[in-house]
Amino acid sequence: MKRYQTYIDGKWTDAASGKVFETSDPYTGEPWALVPECDARDAELACNAAARAFESGPWPAMTATARGRLLRKMGDLIAKHAKHLAEIEVRDNGKLISEMYAQTQYLPEWYYYYGGLADKITGQTIPVDKPDHFCYTLKEPVGPCVFITPWNSPLMLVGWKLAPALAAGCTVVIKPSEFTSASLLEFMKLVVEEAGVPPGVINVVTGFGAVVGEPLVTHPKIAKVAFTGGTATGARVNELAARTFKKVSLELGGKSPNIMFDDCILDEAVNGAISGIFAATGQTCIAGSRLLVQESIHDKFVEKLVEVAASAKLGNPQLFETQVGPVTTPPQYQKILGYIDIAKGEGAKCVLGGGPATAAEGGGKYFVKPTIFTGVNNKMRIAQEEVFGPVLSVIKFKDEAEAIQIANDIAYGLGSGVWTQSVRRATMMAQKIKAGTVWVNTYRAVSFTMPFGGYKASGLGRENGAEAIEGYLQTKSVWINNAVGGGGNPFVMKTASNS
Ligand code: TXE
């Protein structure tokens, strides 16, 4: 079995405890690698290394242009190893090779884009209301950062944080999910080391959330925590980080409405509903898990939806023809089956799936059949709580007003979809829906250029786009008095009279 080491201060190392834990292939259920089980001692080393690298040595001395060049080199190396990195991800999280390979091939763009932005970070000169003053702002990196990331898109979600953070001049400690540590450790060897990123700039500690995540989040030398994961864990991370006034960005869960109006193009909208919930086996924060369908097309829509969903080819995620793979983790598998029982108990009607998929059905360990419930009322738990699996709740609505009311009657606000041919309807809905993203006649599209993040319990801050760099910067105001001579009462600064 492959045995990984972790990477702290530019050196490969075992955990201080000497312990390792197994990482398993969700398709076979078999362990395939051993990962260091880090604890507070490793967190301490990694945070100190990141703090040292931030304050002294080659990193703070590097020009922004050189940082940009380094980011672009990392992008080239990711492109070179995209296939290998995707295969490792599939082995660890069971998502489809078609999706993970598309992600690792696309990922270099983040490093190119933020590499390009690194030397375009500028402050302003500001005309203040005091005579004889020259005032300007500097944009400075916030400091050493901690990233805590989940198992569903491991390298992609690291990249959304890492590329803007490095462009800004920060250093980082990354804690990947205990279920999917391998691809990041491969990335450290094939990309970070190979590109020549100075020691201490990017550190990794592997292990379990409460054991190694909490010491990172509370470490006094860390200035910012960027977290992607479940809402309950996000709340805990936010509370812990607040004690030492760290900046925090959170990308949390969702229960996104995907809204089908009667003037949608039916075939396209059905495909949008399918990929919204069954792609990635429903294990995405933006899953369109509440399908709102207008009453007048409801029956026709559901009939077509069930027909297409029933044709899904379940199987080995390493094969390009597979359409639905396994669930990534055993607890997640149990959680999904639990929600299917909850939905049945609440009186929702199961029109497709509704349980584990057997080997004869292309399934096996940790497979859940694509499942569709109709007759769902927005007050039910199956409509309000994140399942994070291939389970769709269909909710009927009468008109635009009711669609808006149902869409917004939820604690979350991450994604949303609107399917219509009317420009008036599309723009009106985009304005009324309380969510960080509204997709019209498309779903699940993301780009390095477009801000991404949540309203309400779906998170704080934005990733992607030029805006994301702001999350890794702080503003310093510089006041220069260039008047000749002082004079006046020294106890009352004349320029401070209206401060
Ligand atoms: O996530 P956790 P889990 C949702 C989804 C899923 C649920 C639970 O609904 O069913 O969350 O999944 C680290 N201090 N999402 O349990 O716990 C943990 O080690 C510091 C949505 O896998 O949030 C991992 O690295 N860190 C989501 C990371 O937090 C802690 C993606 C995420 O794990 C910690 C994944 C602690 N006390 C799940 N406890 C999305 N937004 O895409 C755990 N961690």
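Predicted model: local features only at pLDDT ≥ 70, side-chain atom pairs only at ≥ 80, totals over all residues.
View 1. You'll find Asp92 in helix 4, which covers residues 82–93. Skip the residues up to four places away in sequence, and Asp92 still touches Thr23, Ser24, Pro26, Trp32, Phe179, Thr180, Ser181, Ala182 and Thr328. Gly315 sits 223 residues from Asp92 along the chain, yet their C-alpha atoms are 16 Å apart.

**View 2. The largest nonpolar core.** This core has 85 residues, and those with the most contacts inside it include Met74, Leu162, Phe187 and Phe301. Helix 7 (residues 154–168) gives the largest share, with 11 residues. Where does the core lie? Both domain 1 (2–252 + 458–477) and domain 2 (257–440) supply residues, so the core lies between them. Another core, of 31 residues, lies apart from it, with Val376, Met380, Val391 and Met428 among them.

**View 3. Zooming in on Met74.** Forget the neighbours within four places in sequence, and Met74 is in contact with Tyr111, Leu162, Leu166, Phe187, Val191, Val192, Ala195, Val197 and Ile202.

**View 4. Helix 3 packing against helix 6.** Helix 3 (residues 64–80) and helix 6 (residues 108–117) meet at about 170°, and their axes are 8 Å apart. That angle is over 145 degrees, so the two helices are roughly antiparallel. On the helix 3 side, the residues include Gly68, Leu71, Met74 and Ile78, while helix 6 brings Pro108, Tyr111 and Tyr114, among others. Sort the residues of this contact and you get eight nonpolar, four polar and two charged.

Technical notes: Residues numbered from 1 in each chain as written. Heavy atoms only, no water. Core = buried A, V, L, I, M, F, W, Y, C linked by side-chain atoms within 4.5 Å. Buried < 20%, exposed > 50% of the residue type's maximum accessible area, 1.4 Å probe, protein only. Helix = DSSP H or I, 4+ residues; strand = E, 2+ residues; numbered from the N terminus. Domains from an automatic or database assignment. Contact = heavy atoms within 4.5 Å. Axes fitted to C-alpha atoms, helices over the stretch in contact; angles between N-to-C directions. Parallel < 35°, antiparallel > 145°, perpendicular 65-115°, else oblique. Nonpolar A, V, L, I, M, F, W, Y, C, P; charged D, E, K, R; others polar.
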